[in-house]
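Have a look at the model before reading on.

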Amino acid sequence: MRMYDIILKKRRGLELTTAEIDFFIDGYTKDEIPDYQVSALLMAIFFQGFTEREIGDLTMAMPNRGNRPT
């Protein structure tokens, strides 16, 4: 899976899969995806929107990633 393909898919107004959203969140929190690609995806999401399922998948992907306070 490539971030470039995910960005293009959302730019075209297509719905992202759960696996694509997980890939995006996991890669970004591990510093494997650069900020400029995340910015491009967020801009595509702003213009194309997210479905309710995509919002739910994004919400579920975030709590288990990254640094959390102890």
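Start with the overall size: for 70 residues, a compact globule would have a radius of gyration near 11 Å, and the chain comes in at 12 Å, which agrees. Keep in mind that this is a predicted model. The C-alpha trace spans about 40 × 25 × 20 Å along its principal axes, and 29% of the 70 residues are buried.

Of the contacts in the chain with a separation of 6 or more, 67% are between residues 24 or more positions apart.

Now for the helices themselves. In H1, the buried residues are Met 3, Ile 6, Ile 7, Leu 8 and Lys 10. Their cover includes H2, H3 and H4. After H1 comes Gly 13, with a positive phi near 85 degrees.

| Helix | Residues |
|---|---|
| H1 | 3-11 |
| H2 | 18-29 |
| H3 | 35-48 |
| H4 | 52-61 |

How do H2 and H4 pack, and at what angle? Their axes are 9 Å apart, at an angle of about 40 degrees. The crossing of the two is right-handed.

On the H2 side, the contact uses Thr 18, Ile 21, Asp 22, Phe 24 and Ile 25; these meet Arg 53, Glu 54, Asp 57, Leu 58 and Ala 61 of H4. By type, the contact residues of H2 with H4 split into five nonpolar, one polar and four charged.

Notes: Residues are numbered from 1 along each chain as its sequence is written. This is a predicted model: local features need pLDDT of at least 70, side-chain atom pairs count only at pLDDT 80 or more; totals for chains, interfaces and linings use all residues. Side-chain values use heavy atoms; hydrogens and water are left out. Axes are lines fitted to C-alpha atoms, for helices over the stretch in contact, and angles run from 0 to 180 degrees between N-to-C directions. Helices (H or I, at least four residues) and strands (E, at least two) are DSSP runs, numbered from the N terminus. A crossing is left-handed if the near helix is turned anticlockwise from the far one by less than a right angle, and right-handed if clockwise. Contact means heavy atoms within 4.5 Å. Ala, Val, Leu, Ile, Met, Phe, Trp, Tyr, Cys and Pro count as nonpolar, Asp, Glu, Lys and Arg as charged, and the others, Gly among them, as polar. Buried means under 20% relative accessible area, exposed over 50%, partly exposed in between (1.4 Å probe, protein chains only). The radius of gyration is taken over C-alpha atoms; the globule rule is 2.2 Å times the number of residues to the power 0.38.
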